[in-house]
Amino acid sequence: FVDGFSHVQSAWITRESAAAKNVVLVARALWHNREDVRIQVTVSANGPDGAAKKVTREFRAQAPAAGGGPEGWRRFQSVALHETAGLDRNNEPVECSITVRSEDCHDLGRELRVFAYEPTGGGLSAAPFQTFNAQSYPGRPTGTSNENYLQHPSMSLDVVFLASVPARGARVYIIAYDNPTAEILAPLSSDLRVTGPELGATVENESYRVQLDKKSGQIAAIELKGRHEKPVPPLTNSYSFAMHWNPDSFADNAQWGHTFAWNPPDHTYVTANGPILFRITNRGRMPDSTPQVQTSVTYSFYAGLPYVKCTTVTEARDPVNASAIRNGEIVLDSHLVTHFVWQEKTGKLKKIRTVHGPNWQDEWATRVDHDVPWIAMTNELDDYGIGTAIENSFAFNPVCGEATTHRPAFYLYYHHFWQIPLTYFTRGWVYPFSDYQRGPILPVKAGSTYVEKMAFVPFYMKDHGKRYQDMMDASTQVEYPLVQRWGR
């Protein structure tokens with residue numbers, strides 16, 4: 001800084017002047033408690049006669065007794081996590097990416113550590129973490145002469161760590177690396193367990209047990225844990241045996257396509273499988289009868305969290321004459337639940353019985369805005385429920401700007417015409433199927449894409465007054481994650 005002005009992107013102090021006032025040099029370094037520090041500064045200049053001159057000075061000092069970095073680590077990146085929704089976060093998973101110059105770290109996967117800074121003066125404490133998606137950039141392409149620093153070789157990792165931040169508070173976390181002597185960490189113990197093959201895995205933590213369908217990879221059933229006096233039956237349905245029914249589509253050939261009918265999906269990827277996070281993505285053409293539609297379903301299971309995150313993407317790769325394009329659907333046998341409950345965007349709670357409406361053609365009890373904070377089906381007699389906490393849902397078209405939509409909403413059904421009555425809710429993005437009893441058809445433009453980020457939340461209900469508190473807390477966590485503010 002020269003006279004208060006930053007010169008951080010260049011090494012010059014003056015250009016034309018013979019002298020500079022109020023020069024402050026600031027260097028970023030990871031120091032350690034009571035460490036003997038040597039700082040060497042070299043300043044060069046051209047004199048009036050054009051001759052170059054160089055002066056080097058060295059300074060020595062001892063670092064303070066507290067507040068330094070972890071012993072053995074020489075580089076770091078820091079992030080301040082802010083809680084803005086008024087909810088204490090205890091061991092909440094936080095995901096981020098780390099990229100470093102290859103010259104600054106020998107083995108990023110082995111050397112990386114995460115530390116929480118203790119605001120009460122307790123120094124640093126190790127935070128549980130998991131890394132995945134390791135990548136490298138080889139550097140400047142062969143045959144080019146560009147010396148720009150952006151072309152340096154690099155290494156990168158995705159990181160998920162468990163953070164604890166008080167309501168309306170903040171906490172600093174440090175991701176440290178560059179320690180050639182760092183040992184391989186012992187396996188982290190957690191409540192997250194994954195067994196069986198990827199397609200059809202059983203995933204559980206202390207709150208739930210989830211069974212993925214071995215053919216489609218969709219969530220087949222969720223079992224609630226933690227209550228022994230009145231156990232809850234598996235939350236599923238006896239028609240498709242897939243609790244998570246869609247995305248789905250219905251075209252002018254009068255045939256449905258549902259992702260629960262994949263057998264198998266075109267592609268299955270497991271991008272993370274560790275003690276904190278298991279993430280699996282299934283994607284491909286909509287099975288059965290809508291080949292114009294491509295879709296993907298991603299599930300993220302975390303240690304300690306009482307819900308499963310889900311992201312779905314549905315894209316019309318070619319024009320499709322549609323009567324329905326939907327997502328966000330949970331389907332249960334009707335005897336498992338008694339009510340629909342949801343929270344309006346105003347914050348007001350609403351509840352209705354899971355019975356069909358006055359129009360027999362539609363079978364739906366009511367419609368709800370597609371972007372409410374959460375919606376659930378509950379058993380008010382046995383005090384449990386399962387809901388969807390909505391992080392985000394949107395439609396777009398990169399070709400023409402706007403995706404084709406028609407009366408987007410959550411439709412709440414009691415479907416009593418089938419051999420086995422089913423109760424469910426589904427988000428319709430294009431849905432003349434319901435409003436006009438399978439018609440009229442609406443052409444959907446190529447490029448129309450429908451995205452949802454949500455979480456499936458099985459929960460027990462509490463006493464009156466805070467009956468749906470667990471569902472509401474999960475919705476707050478999903479909608480308002482910890483805010484990340486990265487340092488230099």
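Leaving aside its neighbours within four places in sequence, which residues is Phe301 in contact with?

**View 1. Phe301 and its surroundings in the largest nonpolar core of this predicted model.** Leaving aside neighbours within four places in sequence, Phe301 is in contact with Leu192, Val203, Tyr208, Val210 and Leu212, and also with Ile276, Leu277, Phe278 and Val308. Phe301 belongs to the largest nonpolar core, which holds 40 residues, and together with Ile219, Tyr299, Leu332 and Phe456 it is among the members that touch the most others. Another core lies apart from this one and has 23 residues, including Val100, Ala116, Val159 and Tyr177. In soluble globular proteins, nonpolar side chains tend to be buried together.

**View 2. The aromatic pair of Trp73 and Phe115.** The model has 16 aromatic pairs. In the pair formed by Trp73 and Phe115, the arrangement is edge-to-face, with 6.1 Å from centre to centre and 70 degrees between the planes. This pair links distant parts of the chain, since Trp73 lies in the loop between β2 (52-62) and β3 (75-82) while Phe115 lies in strand β5 (residues 113-118), 42 residues apart. Trp73 and Phe115 are both buried.

**View 3. Tyr431 and Phe433 within an aromatic cluster.** The rings of Tyr431 and Phe433 form a stacked pair, with their centres 6.2 Å apart and an angle of 10 degrees between the planes. Tyr431 counts as buried because its relative accessible area is 0%, under the 20% limit. Phe433, with a relative accessible area of 14%, is likewise buried. Tyr431 and Phe433 form one aromatic cluster together with Phe250, Trp256 and Tyr411.

**View 4. The charged end of Arg28 over the ring of Phe76.** In this close-up, the charged end of Arg28 sits over the Phe76 ring, at 4.1 Å from the centre of that ring.

**View 5. Strand β9 and its pairing with β3 and β5.** Strand β9 (residues 170-177) is mostly covered, with six of its eight residues buried. With β3, strand β9 pairs in the antiparallel sense over eight bridges, and Ser78 stands opposite Ile174 of β9. With β5, the pairing of β9 is also antiparallel and runs over four bridges, and here Ile174 in β9 is the bridge partner of Phe115. Strands of a sheet pair through backbone hydrogen bonds, either parallel or antiparallel.

**View 6. An open sheet of four strands.** The strands of this open sheet follow the order β10-β11-β12-β13, and their pairing is antiparallel. At the edges are β10 (193-195) and β13 (219-224), each of which pairs on one side only. From one strand to the next, the twist averages 15 degrees. Strand β10 is joined by three bridges to strand β11 (residues 202-204), and these two run antiparallel. Within this pairing, Arg193 has Glu204 in β11 as its bridge partner.

**View 7. Trp374 and the residues that it touches.** Trp374 is found in strand β24 (residues 374-379). Is Trp374 buried or exposed? Trp374 counts as buried because its relative accessibility is 0%. Not counting residues up to four places away in sequence, Trp374 touches Val341, Trp342, Gln343, Leu349 and Thr388, as well as Ala389, Tyr468, Met471, Met472 and Ser475. The C-alpha atoms of Trp374 and Thr281 are separated by 23 Å, and these two residues are 93 residues apart along the chain.

Definitions and conventions. Residues are numbered from 1 along each chain as its sequence is written. This is a predicted model: local features need pLDDT of at least 70, side-chain atom pairs count only at pLDDT 80 or more; totals for chains, interfaces and linings use all residues. Side-chain values use heavy atoms; hydrogens and water are left out. A nonpolar core is a set of buried Ala, Val, Leu, Ile, Met, Phe, Trp, Tyr and Cys residues joined through side-chain atoms within 4.5 Å. Buried means under 20% relative accessible area, exposed over 50%, partly exposed in between (1.4 Å probe, protein chains only). Contact means heavy atoms within 4.5 Å. Rings of Phe, Tyr and Trp (its six-membered ring) pair if their centres lie within 6.5 Å; planes under 30 degrees apart count as stacked, over 60 as edge-to-face and the rest as tilted. A charge sits over a ring if NZ of Lys or CZ of Arg is within 6 Å of the ring centre and within 35 degrees of the ring normal. Two strands pair if DSSP finds at least two bridges between them. Axes are lines fitted to C-alpha atoms, for helices over the stretch in contact, and angles run from 0 to 180 degrees between N-to-C directions.
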